[in-house]
Amino acid sequence: MPNPPNPERKYRTVTAFQRRLNAVARRLPGQTLLETTGRVSGLPRRTPVGGRREGDSFWLVSEFGERSQYVRNIRADPRVRVRVRGRWYAGTAHLLPDDDPLARLRRLPRFNSMAVRAMGVGTAHLTVRVELEGQG
């Protein structure tokens, strides 16, 4: 009988894979990006994300919840930028621990939702809403 998956090992494996994949994905012109300010360095940090724009909001779900580096950056400074379809929008990010992230994933693009579920660890998902202020 196989051993149950180790959540910490899965987290380390997935984050190492994402670091390599994200280095390539950030360069793709159609990739949606979330730009935060590094909480230690103060430098812009760009992370490829999946999600959906709905009116003046952009919604996404973090597969690692509070452990995601971009979530930690948002906690330190919620001012962000989001690149959607090649255009940058300034905004303010809100972490929504009371939102049901699995229900939210059902309303987001299917491919991204599958990836978040597959890569996520346990029930650590966290919904993030970015209030868009306009192009910036």
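Which residue in E6 does arginine 79 stand opposite? Select arginine 79 and look across to E6: the residue opposite is threonine 92. The model on screen is predicted.

Now zoom out to the whole protein chain. It has four helices and seven strands. Starting at the N terminus, the order of elements is α-β-β-β-β-α-β-β-α-α-β. Of its 136 residues, 43% count as buried. The chain exposes about 8,300 Å², with 53% of that supplied by carbon and sulfur atoms. Among contacts with a separation of 6 or more, 69% are between residues 24 or more positions apart.

Next, select residues 79-84, strand E5, together with residues 87-96, strand E6. E5 and E6 pair in the antiparallel sense, over six bridges. The two strands form a hairpin, and two residues lie between them. Pick arginine 85 in that turn; its phi is positive, about 50°.

Turn to the side chains. Select arginine 53 and tyrosine 89: the charged end of the arginine sits over the tyrosine ring, 4.7 Å from the ring centre. Then select arginine 104 and tryptophan 59. Here arginine 104 lies over the face of the tryptophan, 3.7 Å from the centre of the ring.

How many aromatic pairs does the structure hold? A search for aromatic pairs ends the tour with a count of zero.

Key
Residues are numbered from 1 along each chain as its sequence is written. This is a predicted model: local features need pLDDT of at least 70, side-chain atom pairs count only at pLDDT 80 or more; totals for chains, interfaces and linings use all residues. Side-chain values use heavy atoms; hydrogens and water are left out. Two strands pair if DSSP finds at least two bridges between them. Rings of Phe, Tyr and Trp (its six-membered ring) pair if their centres lie within 6.5 Å; planes under 30 degrees apart count as stacked, over 60 as edge-to-face and the rest as tilted. A charge sits over a ring if NZ of Lys or CZ of Arg is within 6 Å of the ring centre and within 35 degrees of the ring normal. Buried means under 20% relative accessible area, exposed over 50%, partly exposed in between (1.4 Å probe, protein chains only). Contact means heavy atoms within 4.5 Å. Accessible areas come from the Shrake-Rupley method with a 1.4 Å probe; for residues, only the protein chains shown count as cover.
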